[in-house]
Amino acid sequence: ESHLPPRRHLDLAEMSEYSEREKAVRAALAGVIDPELRRPITELNMVKSVTVGEDGTVGIEIYLTTGACPKKAEIVDMVTTAVADVPGTGSVTVNLDVMNDEQRTALRKQLRGEQGLSAEPVIPFAQPGSLTRVYAVASGKGGVGKSSVTVNLAAAMAGRGLSVGLLDADIYGHSIPRMMGTSDRPTQVESMILPPIAHEVKVISIAQFTEGNAPVAWRGPMLHRALQQFLADVYWGDLDVLLLDLPPGTGDVAISVAQMLPSAEILVVTTPQVAAAEVAERAGAIALQTRQRIVGVVENMAGLLMPDGTTWEIFGEGGGRQVAERLTRAVGSDVPLLGRVPLDPALVAAGDCGVPLVLSAPESAAGTELRAIADKLMARRRGLAGRSLGLDPAGR
């Protein structure tokens, strides 16, 4: 023992220096945003410990919500980068741990309050104090580009700085994850589901819960329950806008949306073809029965722009205007034609590669029109105009 070097004691100045370094490290960690919850990891109590050695080496332990967290590598990279910029620090080592049941319960309560303890799922967007504007994008028939319009509107609104959620309510014909370029699966924290985020849009779809391209063969009650879970169990956070991509027609899902989200506003997508417009008119007219508001009509595939500057009306013309005019007469208030999106092969390619056209080619004719439609929806104010109040004349 006589050959061992004497133990060196830290003086007060050195202890203060290490304390200041630790404070600086923790301050840097406060700038690390969890990629799923979009909140600082310090606020979410994900920082288990921070140690700073005499030589400036830093050791950090981080709690993950689950051991299967798909963003663990991303979290490690963000923590390492943030701490490496702190003056006086050396190498950074990040170790991962997993929250226990009690910690996960505390996290859920922090994010959702006590609503998760109630027997009946609570849909935040249906509450009287909700400030989220909900748009249900509908069409009378398939193949009119309803999903393409929906993903581009979502991406355009998120690009303007809004907090946006996108729910793929087309259970049988789900296509939103591919069009948004995400193959991530949701993370589950107790009964709370954390949706993947793509292009700054929170996305949820039945496709994220099935294997491969497996079909979904469900009857009405199961469709209703799936939609209820997507709305109540998913942690959406404070959304400015929630977009729902409805299946074509006026079936079970459209009725369930009306029941669960009575304040949702319907956006009708059609093509210029008169026959398609007549079918789309029926999809919009369901608002008369559900007492929902129709926000407007979007005409998709509105002609192909030719190299000489002319437009080739492949699918005819006038369908969008016809739907808007007839729905205006039916509901007794203005249902505007919000825009006419031209045919553009790039719009198809953008959907296949997972980058919406408003991001990949924002200045294209179709991209410009889609961004303009998104701006109109963002600029609208809440009100009762166009909404049926369910009042009947009193008899004498």
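Which residue caps the N-terminal end of helix 3? Hi everyone, let me start there. Asn100 does it, with a side-chain oxygen 3.1 Å from the backbone nitrogen of Glu102. Such a polar contact is a pair of N or O atoms within 3.5 Å; within protein, one must be able to donate a hydrogen and the other to accept it, and residues adjacent in sequence count only if both atoms are side-chain atoms.

Some ground rules before we go on. This is a predicted model, where local features need pLDDT of at least 70 and side-chain atom pairs count only at pLDDT 80 or more, while totals for chains, interfaces and linings use all residues. Residues are numbered from 1 along each chain as its sequence is written, and side-chain values use heavy atoms, with hydrogens and water left out.

Now the overall view. The protein chain has 12 helices and 14 strands; these are DSSP runs numbered from the N terminus, with helices being H or I of at least four residues and strands E of at least two. Of its 396 residues, 47% count as buried, that is, under 20% relative accessible area, with exposed meaning over 50% and partly exposed in between (1.4 Å probe, protein chains only). Take contacts, meaning heavy atoms within 4.5 Å, between residues at least 6 apart in sequence: 75% of them join residues at least 24 apart.

Back to helix 3, residues 101-112. From first C-alpha to last, its 12 residues reach 16 Å, close to the 16 Å expected at 1.5 Å a residue; the expected span is 1.5 Å times one less than the number of residues. Buried here are Arg104, Leu107, Arg108, Leu111 and Arg112. They cover an arc of only 105 degrees around the axis, which puts them on the same side of helix 3. That arc is taken from the directions from the helix axis to the C-beta atoms. Just past the helix, Gly113 has a positive phi of about 75 degrees.

Next, the interior. A nonpolar core is a set of buried Ala, Val, Leu, Ile, Met, Phe, Trp, Tyr and Cys residues joined through side-chain atoms within 4.5 Å. The largest one has 40 residues, and Phe125, Leu167, Leu227, Leu231, Leu242 and Leu244 have the most contacts inside it. Its largest share, 5 residues, comes from helix 6. Leaving aside neighbours within four places in sequence, Leu244 is in contact with residues including Val134, Leu167, Leu227 and Val257. Apart from this core lies another, of 36 residues, among them Met179, Val201, Leu243 and Leu370.

What about helix 9? Its buried residues are Gly319, Gly320, Gln322, Val323, Ala324 and Leu327, and they pack against strand 11, helix 8, strand 12 and strand 14. Just after helix 9, Gly332 takes a positive phi of about 80 degrees.

Helix 12, residues 365-379, reaches 21 Å from its first C-alpha to its last, close to the 21 Å expected. Among its buried residues are Ala366, Leu370, Ile373 and Leu377. Down the axis of helix 12, the buried residues fall within an arc of 155 degrees, so they line one face of the helix.

One last stop: is Val348 buried or exposed? Val348, in helix 10, is exposed, with a relative accessible area of 55%. Val348 and Met179 are 169 residues apart in sequence and 9.5 Å apart in space, C-alpha to C-alpha. Thanks, everyone!
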